[in-house]
Structure formats: structure tokens, C-alpha cells
Amino acid sequence: MRLLLLTLCIILFGGNTLRLEAKKHFFSNYNFCHITEEAGLPNNSVTAVMKDSFGYIWVATQDGLARYDGYRFLSYGVKEPLYRLKGNYVYTLCEDRQKRLWVGSDAGLDLIDLQTGLSVPASDLGAAPELSTLFNSFVRSVVQTTDGNIWVVTDKMLWCLELDSSGVVAAFYRMQAEADENVSAIAEIEGGVCAGVGNCIYRIMKEEGSRLRKQPLSDAIVPFSDDWRISCLQADGDFLWIGSNRGLFRYYRQTKTMKRYRYSSHREGMLSQAYITDMKLTSDGSLVVSTFNGLNVYDRESDTFSFIRRVEDSEERGLNTNIIVCLFTDGQDIWAGTQDGGVNLLYLSRRLEVSRLGDIPWKLSAGRTPQISAVTEDKKGNLWIGTIEGGLYQMNPETEAVQHYAFTPHSSTSILSNNVNGILIDSDNHLWVYTWGAGISELDLNKPHSVFRQHSNGEVPGLEDDFIMSAVEDSVNRGIWFGTTHGLLFYDKKQELFSRVDFDSSVSEFESVGSLCVDRKGRLWVGTSEGVFIVDLFSFARSRRHFNYIYLRYKLNDEKSTQVERVNVVFQDRRGEIWLGGKATGLYHLISDKANRFQFKHYGKEEGFYENTVYGLSEDGTGNLWIATENGLFRLLVDSDTFVLYGKSDGILDKDYDSHTLHFSSRYKRLYCGKDHGLCEVILKKIPESVKERTVVISSCRVNGENWTYETSKRLSDLGEGNKLELALTTLEYGYNEAVRIRYREKQNGEEWVELPADNPVIALPSLPGGQFQLEIQATDQEGRWQDDILDINIQVRPYYYKSWWFWSLLLLVAGCLSVAFYRYKVRQLKHRQVLLKQLVAQRTHELEIQNRSLEVMAHHVEEVAEEKIRFLRILPMSSVHRLH
């Protein structure tokens, strides 16, 4: 079912009967995403939106052009250093068959190569001098027809450019507009092109001499008034829709009749305003019409319109402005360009069908919003909804009937308070409504006109605590346990008595006893702000006063820790497995309890669960767990231990759920949950195999913190060692950012996967190593599983010059040259020394020869002197003898 609107019919004592209006609004199927200057859009005044053949969204504004990849913008403008335009006030966008983007602005035409992001010179279109005039004219509109021709509307002329297979203008035709008859709209119809010229519609035909001729489209299309001005045209089979400043008109070609659709901002079935700004058809044939007062859609069966306008909480579920200027449809998704609110994206959830079962006429004080506090289901399939300040509601989804139960002062048969904390339906089909501060109300659902039985402090013996937070039925002792700020209360069904059962004196006060669960082994699990208690119910059966219990006062996956877990929920699935979740504790699964030694498996970031706080758990029909967290809903695929996040992109607007606000109905095969946005009905969609896989691409890159640049290649080069490289990734899915998980790793080193932030998946490599390496990039599929398909990015990095081959070659060459030079120097030096040595030897030899000669002379002289002395000595004795004689 569908959007159900609750309207108050009759107010009765004890209950108010309501009926749901089963009319489904077209726009209620959509989720809303507002893309504004805060996300990087150049300007919030949007003039055109389109999607190129590569999957990127282009947004034209009054202050430039931007390409959007689902996460970030790449801007074009007059002052942009790399991606420059002639003018910043961009009016129109169009892609041709050569994958070039035609950009029309107040300063002329620009062409952008969509494969590189760079401008294409006008000379690439041909050398005709007339084209120069066109490219520097004020351009209002550019349209490509199915034959590949480009039609350009300027401030003075209408042009038709015939392009050949290479994208060059083979021929052109033009028509001069009269002074008071500007071309305001153009559209392709069966058999040609029609245009709104002045206050008439003409068929445009080509003539000899490169001229265009206009011929009235039909005698039935006459000006509605003298000031009637056509703003947009939309072909729709045999119909031609005509948008104007005086409302919307439909021309039926078979009967040659025209019908006008009236407008009213408060009456159903009419347009929201007379001034029509744009019209587009979705893939399922729905006609969407934009005005200066909201967005409209045409109902073909009733020949009427419905519309939406800005609502107070527009940040989550509506338009953020009423002034819609232009439209673009992609499948069933609607892109609405606005005058002052950027782009409003309306998209359908692919994984969930979420319907809000509102609007319940909450009995609240002024300024207060409704808050769901508990949801459960009785044996007949009725939903029971507890609220804060709104009382209790019973709703039957099949009959669309609602019963409201509210607190009535001085009444002993109403619920005790409008602040419902939780609801329990026991095996006897009795409804127990427990509150924060007022006690317990009991209702026998077996009786058709039963009234509440009140159990409040001071009036019921044994009921010592009005602040009740949880409840569970105990089949072992045939009673009900209630969790309070002072511990546990037990209600004996047979004796109809309450009694307080204490833990030991060391633990007597709790900030919360958030959850109670009785498992198949007859144990009561008590999740509290002070840890987990596991009570043996069979021990309580013996005395009805005391019980044996085990106190887990430590981090559940680390017995040696002193950290006390704050447990919000304890849940037993159909297989008897125990699951626990709490505040700042994440999710636990009991894997062993042998000999009362409890072992738990913890699910955290490494397992793909990124939430620290778990508020509620429920099991669906396939045995998978739904987990309420502070950031939305998760689903755990138990067999594969895979976590799937569902958030705003799937229509889940609530966060910080209460522990009792998650209920899966086996009867209706859907999940019911809610908090601040009323009660929601969630149905899991079957995802077609064709859309399960996602493709990850690089949308842009940045080096050393400079400007982001266009990038589409899987091979990156021209990078230097030590550079900081940033790679922006996208899957080109719009509105689903939080549902996509992307991770990467370096392939060669076998490093661990690094998961990127969901809101901005950018790989940042702070200092590139020299050489070549490869990155592997992986994304999750629509069901949250990591895909087998991996994107490989090859990166070639120039090393530092002193690490490059040419540097080392040069170094070796220089070393060789120096070695040769040094060798030659040493040889020359050696030869020189040899020459010097020879000279020295010769000199020494000469000196020795002279000395030898001197010595020989001296020796000869000495010999002569010696001989002289010898002769003298010989003569002397003879002389003496002669004297003696």
C-alpha cells in the first residue's frame, strides 16, 4: 500500500475512529536531493540541465557552467584558467553526435570536447564566414533533432546547421526574426520542426538560398491573447503541449483542436500557476510541467494535474523553492533547475519502496512534531503505534481504519498517558502499554469493546516504579517482566500481582533497562546501561523472589576489559541466535555459551558495519536482520555477513530510532518503522540483474593541490616522484551517494583495502613513489556486496632525477670521461717525470763524470806527490850516509 492519509472523523470516549484516504500522489514516490552552491554549484540560479553520453550531469547557471559527477562540480567560466567560456550567463546546452557539448550564452557559442573537457575551436566546424557571426551572437537555445541537425536560436535569428559525419558544417540555413517576433521555443514534431515565434506556432522548412521559411502549424492554434507568449513546446504523440505565460495548452493534431488547462494554487486537479517555464516527459510517459509556483504532473486517466510546492521541512522531503525555471528528465528521475535554489533532484529509490503512513492528526501542542516510540502487530494483523504526546493508535492496513486511544483525565478506562514508551502483546492476546512516568495500561484484545485496565503506582500493590522502559513475556513462570530504572518488575498473570525482584545491592539503579529478551533456554537477557544480566528463569520459579544470574560487566568481546557495555537491545532470531546492540558498542552476536562462558562476535568497521550505536533489531522473512542505528537502517545479510545501509537516498529519513520502533510483519511481508517523520512502510524491491553491477570511473584529478582537471583515462602519466595525487571517483549514480561504498588498494604490494568516505570518495596519495604501480578500485553492488569487477588504474611516475636511468647513465659517462682524463693526466705526468728523471740522471751522470775526472786528476796528483815523497825519502838516507862518512 501506498501513501495513506489519515483524517479525523469522530471523537469518541476512549478512542477516535479515523479513515485513511488511499489516494497516492505521484510525487510521493520520489526522494528529493537539493544541489546548491554549498555543494559547489557556481550559482543557485539555474538555466539548463542535461546529461551527456558519458553519464555526467551538466548544469548551466547565471554565473557559469559546471559538470557534476554525483559528488562534486568541475566549473567552466570566463575567469576559469583552464576551462574557459565566452560568457558566464549560460542559457542552453546540447550534445551532438560527435560528443561535443554546445554551450549557448549571452556572449556566443562555445564547444566542449566531452572526452577531454577542452574547448573546440569554431574553425573545426568549417570556414564559412557566417558561422563567425553565429558563434558571437546571443544564444538562447540549441536543439539537436533526430537527423543530427543542430538548431540554434539567437536573439535575432533561427539557424539550422547540417553536420557531416566528421562534425563539420556541410550546409546551413537561417531565418531573420522580426523585431517584435522573437523565437521563444523550438521542438521536433512528426514531419519536422516547429517553433514558437511571437504569439504563434509555425512549422519551419528549409528553402533554397540557405533560408528557413515559417508556415503556420494549424489554423486551430490561435493566440490566446495579445500578450500571449509561448515559453516552451513538448511533443507527446499526437499531442503538442504549449506552455505560455497564460497557462498550458494542448493541441490535438488528429482533431485539430486545442484545450486550455486552468490553474489554481489551492484547487485539486489544476495547475499550480499560469506561467509555464518548461515541460518534459519521463520514460514512463508522465508529463512534468514546471512553473514559478511549483512542479506539476499530468494524470492522463483523469485529464487533470497534481502539483507539489515548497514545504517547511524541504531539506528532506520536498522542493526547496517554488520557482522552477527548467527541467530535465533521465528515465523517471526529474532534474528541476530553479531560480534561487540550485537543482532539485527527484529520484526513485531502487532498493526500497517506502510509503509514509501519515498524516496522523497528532494531538500535539503547537510547534511539536509527532514522534513514533513503539510499533507492534496483533494476531489480526492490526498495527499498534505508540507515540510521544500523541497517545496510542491502532491501524489495520487492509481496511484502512485507524483507532486513536488517548489519555482522558479522571478516567479509569483510558490509557494512563499519551507518552507511550513501549507496547507488548502477550500470548493471551492482551495489549500492555507501558509509559515513562505513568505506569502500565492493559487492554484485552479478545473482547470487541474492551477498555483499558490501569496499573499505576500507588494504586496497584507491588508496582513500585512508574518509569518503565521494556517488557517481555515469561512462559516459564507465566508472567511478564518489566524493565525499570530500579531493576526488574515481575507480573504474575495467575495471581495478578506485581513484585519487584532485585539484583544484588551493588547494582540497584539503572539509567536504562532498554531491552528484555527470553531465549529458548529459559534465560532472561537484561540489557541495561550497566551491562548485560543473564537470569536463570528456572531458579526464579522455585522461590518467586530471587533468581540466579550472570553479570557481564565488561566489553562483550574482551573479558579482561573494564569497559561496561550500554546495551539498548537484545534480540533472538528464529534460529535462536542472540544479537545485542547498544550505545557506542556496535553489534554483537553470541557464538558460544558453553559452561556459561559467553563468547561474542563483534561487528565493526572491519566487517563493514560503521555504526557505533544500535537502537533496534528485527528479522525479516528471509532470516536477515534489520538494524536501526543513529544514521538510518542497515540490513545484515546473515549468510554472507554483509551489511547494507539504507538512508535518505532510499527514502529513509529518520535517524536515532527508539528501541521499540522497528517491526517486520510476516503477514504483510514488510517492515514498519518510524520516529520523527511518522510511521513508514518499507518494502524491499527486487533489483534487476541488469542494474546490480556498478561501474567506477575517475571523474577528475588534482596534482599538488592545484585545480581539479578533467580525467577519463585508466592510465596516468606525466607525474613526478613526490607529487601529491588526488583521484576523484564516481559511479555516476545521482542521489545514491550514501548507498555506494568504494575502496582501493595498491595491487603489487598486496596491501589492505582502504575504504573511502561515502560522501567524497577521493583517493589521496600524498607522496608518489617513482616508477610504475597499479591501483585496484572496487565498489559495492546494489545489495551492498563487493563486486567482482575491479577497476585497474596504471600510474607511471617519473622518479627524482638522481634516480632516473639517464641521470645514472650521464653519471657513468662523466665518471668514465673523468677516469680517462685522469688516466691520461697520470700518463702524461708519468712521462714528464720520466723525462725529468732522465734529465736528472743525465745531469747526475755528468756531474759524476766531472767528479770522477776531478778525482782522477786529484788521484794522479796525489800519486805524483806520493812518488815525490817516496823519492825524497829514498834520497834522504843516502845523504845522511855520505855525511857520516
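Biologist: What makes the meeting of the Lys 601 and Asp 641 side chains a salt bridge?
Modeller: The two side chains meet at 2.8 Å, N to O. A salt bridge is a side-chain nitrogen of Lys or Arg within 4 Å of a carboxyl oxygen of Asp or Glu, so this pair qualifies. Lys 601 sits in strand E50 (residues 599-603), while Asp 641 is in the loop between strand E53 (632-637) and strand E54 (642-646), so the bridge ties together parts 40 residues apart in sequence. Strands (E, at least two residues) and helices (H or I, at least four) are DSSP runs numbered from the N terminus.

Biologist: What do these values rest on?
Modeller: This is a predicted model: local features need pLDDT of at least 70 and side-chain atom pairs count only at pLDDT 80 or more, while totals for chains, interfaces and linings use all residues. Residues are numbered from 1 along each chain as its sequence is written, and side-chain values use heavy atoms, with hydrogens and water left out.

Biologist: Why is Lys 601 called partly exposed?
Modeller: Its relative accessible area is 30%. Buried means under 20%, exposed over 50%, and partly exposed in between (1.4 Å probe, protein chains only), so Lys 601 falls in the middle class. Asp 641, at 28%, is partly exposed too.

Biologist: How many salt bridges are there in the whole structure?
Modeller: A search finds 38.

Biologist: How do you know that the side chains of Arg 453 and Glu 442 form a salt bridge?
Modeller: Their N to O distance is 3.8 Å. That is within the cut-off, so the pair counts. Arg 453 belongs to strand E38 (residues 453-455) and Glu 442 to strand E37 (residues 440-444), 11 residues apart.

Biologist: Which class does Glu 442 belong to, buried or exposed?
Modeller: Glu 442 has a relative accessible area of 8%, so it is buried. Arg 453, at 35%, is partly exposed.

Biologist: What about Glu 847 and Arg 844: at what N to O distance do their side chains meet?
Modeller: They form a salt bridge at 3.5 Å. Both lie in helix H5 (residues 805-884), 3 residues apart, about one turn of the helix. Glu 847 is partly exposed at 28%.

Biologist: What joins Asp 426, Asp 428, Glu 473, Arg 478 and Lys 493 into one network?
Modeller: Salt bridges that share partners join these five residues.

Biologist: What makes a set of residues a nonpolar core?
Modeller: The members are buried Ala, Val, Leu, Ile, Met, Phe, Trp, Tyr and Cys residues, joined through side-chain atoms within 4.5 Å. The largest such core here has 35 residues. Val 49, Trp 58, Leu 65, Leu 93, Leu 101 and Trp 335 touch the most other members. Among the elements giving two or more residues to it are strands E4 (46-51), E5 (57-61), E27 (324-330) and E29 (343-348). Apart from this core lies another, of 24 residues, including Leu 719, Leu 729, Tyr 744 and Ile 795.

Biologist: Which residues is Val 49 in contact with, beyond four places in sequence?
Modeller: Contact means heavy atoms within 4.5 Å. Val 49 reaches Ile 57, Trp 58, Val 59, Cys 326, Phe 328, Trp 335 and Val 343.

Biologist: How do you know that the side chains of Gln 774 and Asn 794 make a polar contact?
Modeller: The two are joined at 2.8 Å. A polar contact is a pair of N or O atoms within 3.5 Å; within protein, one must be able to donate a hydrogen and the other to accept it, and residues adjacent in sequence count only if both atoms are side-chain atoms. Gln 774 lies in strand E65 (residues 771-779) and is buried at 14%.

Biologist: Where is Asn 704 placed?
Modeller: Asn 704 is in the loop between strand E58 (697-703) and strand E59 (709-710). At 43% it counts as partly exposed. Beyond four places in sequence, Asn 704 touches Asn 723 and Lys 724.
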